[in-house]
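Trainee: I have a model open on my screen and would like to learn how to read it. Could you walk me through it?

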Amino acid sequence: MGKKRDRRLTSGSGRHKGRTESPAQRQKPLHKDHRLLYLFIIFFIICSSVSVLLYRTKFISSRTANPNPKFLNLYQRGLVKDDINYQEILTEHSKVSESASLRQFPNPVLAYSTPWNNRGYYLAKSFNSKFTHLSPIWYDLKRKHNADVKWIQELRRSGDAKVLPRVALEASPKELLKKKKQREKAIDLIVAECKEMGYDGIVLESWSRWIAYGVLHNSDMRSKVLLFIREPGRALHSIQSERNAKQLLEFLYVIGRPHSAKLQADDFGPEDLQSSSDAVDGFSLMTYDFSSPHNPGPNAPLEWIKAVLQLLTMTKGNGNLAHKIFLAAVGGAIIGRDYLSLLAKHRPALQWEKRSGEHYFFYLDDENIKHAVFYPSLMSISMRLEEAKSWGAGISIWEIGQGLDNFFDLL
């Protein structure tokens, strides 16, 4: 605008051709109307600036000083800590942030839901955006269990999580592994069901069955086991997803954790991970069973989780496969409502075990028998999420109906 004004005044002064004037004489004073216009513009700019400043001071600073707790995450509310008490858990467990639909954990999240705990189905819909993969426990290779078409449709309307039902191997593994036609029939059944139901793939669980049948100690049978793991993956990878033609069906495989640094024949080890990784999109690693109800203790000590991951990725090149592992972050024998009932009844003092990175408490039952309870907390879950992120790994949750609502704010 300044340049335009200079040109206008110069061209105007050229109208008086017969006069010789100094530069100072040519710069005429501004017209009165022009002065009023400029004063008005300056006044408008100053008022606008003051208004913006007042708004920022009055409203933004007040919102910062007194933020709406509905929009604060668990960290901002100071709830993710090792020093917790039962009252806090009873008060806060059902409170979920208004921004709960936003994902906090950047890596894949696989969540299992079971027919014997319908709450998991409800939570899968409510927190759909928190998951990348949902796996209902519906199938084995012999029969179908409770496949719920309406639930799948509701999931698809509420988010983008992929549905990959878990298929458990219940058939005799020797028949399946030795006979090629049996293997092909099993794979055809899986593929046909995925097409009919519009699934995004499957999660296969068979390793634990092969351990139970004792087939992994035979080297020839073990080779057939690894071959069978690869075959469904290759078959599913040849089929386009019904929901997205640019994506192929996925194949996830459930693996148990090695029982010691010295691998046994029935352990799924680093070489097995490497040999099957080209046909498997992800490995659901069950790292929540360090203890048992008969031998109570931590669910999944943090150092133990690190050791398991190190063991599985110790083969050269396997470090790059950590991103295919779904690390079990939550799991256990006690479900949320039972845990809350114990807290309300016994009002225990919760303790933090630094070595395992878990909370626990003791209580006496009606027969005066002492019990120890280890159950996930916001702090223990947060630490495992950070560990998974440091490896580039995803997480798996067995099963989502067992947890507390505010756990999902961490995901």
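Trainee: What percentage of the residues in the chain is buried?

Mentor: Happy to start there, with a word on the source: this is a predicted model, in which local features need pLDDT of at least 70, side-chain atom pairs count only at pLDDT 80 or more, and totals for chains, interfaces and linings use all residues. Residues are numbered from 1 along each chain as its sequence is written, and side-chain values use heavy atoms, with hydrogens and water left out. Buried means under 20% relative accessible area, exposed over 50%, and partly exposed in between (1.4 Å probe, protein chains only). Of the 411 residues in the chain, the buried share is 45%.

Trainee: How many helices and strands does the chain have?

Mentor: Both are DSSP runs numbered from the N terminus: helices are H or I with at least four residues, strands are E with at least two. By that count the chain has 14 helices and twelve strands.

Trainee: Which residues of helix 6 are buried, and where do they lie around the helix?

Mentor: Helix 6 spans residues 149-158, and its buried residues are Trp 151, Ile 152 and Leu 155. Seen down the helix axis, the buried residues of helix 6 fall within an arc of 100 degrees (taken from the directions from the axis to the C-beta atoms). They therefore line one face of the helix.

Trainee: Which exposed residues does the face turned away from the buried side of helix 6 carry?

Mentor: First, the buried side: its residues pack against strand 1 (109-113), helix 5 (119-126), strand 2 (133-140), strand 3 (162-163) and helix 8 (180-197), where contact means heavy atoms within 4.5 Å. The face turned away from that side carries the exposed residues Lys 150 and Arg 157.

Trainee: At the start of helix 6, which side chain reaches the backbone nitrogen of Lys 150?

Mentor: Look for a side-chain oxygen there, which comes to within 3.2 Å of that backbone nitrogen. The residue that supplies this oxygen is Asp 148.

Trainee: Is Asn 128 buried or exposed?

Mentor: Asn 128 has its place in the loop between helix 5 and strand 2. Its relative accessible area is 1%, so Asn 128 counts as buried.

Trainee: Which side chain does the side chain of Asn 128 join in a polar contact?

Mentor: A polar contact is a pair of N or O atoms within 3.5 Å; within protein, one must be able to donate a hydrogen and the other to accept it, and residues adjacent in sequence count only if both atoms are side-chain atoms. The side chain of Asn 128 also reaches the backbone nitrogen of Ala 161, at 3.3 Å. Its side-chain partner, at 3.2 Å, is Ser 158.

Trainee: How far apart along helix 14 are Glu 386 and Lys 389?

Mentor: Their side chains meet in a salt bridge of 3.1 Å, N to O. Glu 386 is partly exposed at 42%, and Lys 389 is partly exposed at 35%. Being three residues apart in helix 14, they are separated by about one helical turn.

Trainee: What angle lies between the planes of Tyr 339 and Tyr 375?

Mentor: Rings of Phe, Tyr and Trp (its six-membered ring) pair if their centres lie within 6.5 Å; planes under 30 degrees apart count as stacked, over 60 as edge-to-face and the rest as tilted. The structure holds 19 aromatic pairs. Tyr 339 and Tyr 375 form a stacked one, 4.0 Å centre to centre, and the angle between the planes is 15 degrees.

Trainee: Where in the chain do Tyr 339 and Tyr 375 sit?

Mentor: Tyr 339 is buried at 3%, and Tyr 375 is buried at 5%. The pair links distant parts of the chain, 36 residues apart. Tyr 339 sits in helix 13 (residues 336-346), and Tyr 375 in the loop between strand 11 (370-374) and helix 14 (378-391).

Conventions
A salt bridge is a side-chain nitrogen of Lys or Arg within 4 Å of a carboxyl oxygen of Asp or Glu.
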